[in-house]
Amino acid sequence: VLKAGPRLVEAMYLSVITTTAEALGGTYSVLGRRRAKILSETIREGTGVFIIHSYLPVADSFGFADELRHSSSGASNAQLMLSHWERLDIDP
């Protein structure tokens, strides 16, 4: 007998994106379409380069780098690292 109910989980990437101020709008639009959760945004002093940390579902990451480069005219670069498993709100 199961005492805890089964739950569905989803793999999440930690995404570290470097971009310029001119490409911020396109970068955030891609992140929004991909169900990303923004953790932080910082600017590297004296350079005008922004660094965005976010969680991105692995299922929504296919083609992410290409779409990001296309929407920012090549000004954005992403690094993806497997971070954790997140429980989904839906009940199986």
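## The largest nonpolar core

In this predicted model, the largest nonpolar core comprises 10 residues, namely Ile17, Leu24, Val30, Leu31, Ala36, Phe50, Ile52, Leu56, Phe64 and Leu68. At least two residues of this core come from each of α1, β3 and α2. In soluble globular proteins, nonpolar side chains tend to be buried together.

Phe50, one of the core residues, has contacts that, leaving aside residues up to four places away in sequence, comprise Ile17, Thr18, Thr19, Thr20, Ala21, Leu24, Glu41, Thr42 and Ile43. Ile17 and Leu24 are likewise listed in the core.

## Helix α1 and its two faces

Helix α1 spans residues 24–33, and its buried residues are Leu24, Gly26, Thr27, Val30 and Leu31. These residues lie on the same side of α1 because they cover an arc of only 165° around the axis. The exposed residues Gly25, Gly32 and Arg33 are carried on the face turned away from that buried side.

The buried residues of α1 are covered by elements that include β1 (9–20), β2 (37–44), β3 and α2 (64–71). Just after the helix, Arg35 adopts a positive phi of about 60°.

## Ser54 in strand β3

Strand β3 runs over residues 49–57 and contains Ser54, which is buried with a relative accessible area of 0%. With residues up to four places away in sequence left out, Ser54 touches Tyr13, Leu14, Ser15, Leu31, Ala36, Lys37, Ile38 and Leu39. Among these contacts, Leu31 and Ala36 are also members of the largest nonpolar core, and Leu31 is one of the buried residues of α1.

How values were computed
Residues are numbered from 1 along each chain as its sequence is written. This is a predicted model: local features need pLDDT of at least 70, side-chain atom pairs count only at pLDDT 80 or more; totals for chains, interfaces and linings use all residues. Side-chain values use heavy atoms; hydrogens and water are left out. Helices (H or I, at least four residues) and strands (E, at least two) are DSSP runs, numbered from the N terminus. Buried means under 20% relative accessible area, exposed over 50%, partly exposed in between (1.4 Å probe, protein chains only). Contact means heavy atoms within 4.5 Å. The arc is that of the directions from the helix axis to the C-beta atoms. A nonpolar core is a set of buried Ala, Val, Leu, Ile, Met, Phe, Trp, Tyr and Cys residues joined through side-chain atoms within 4.5 Å.
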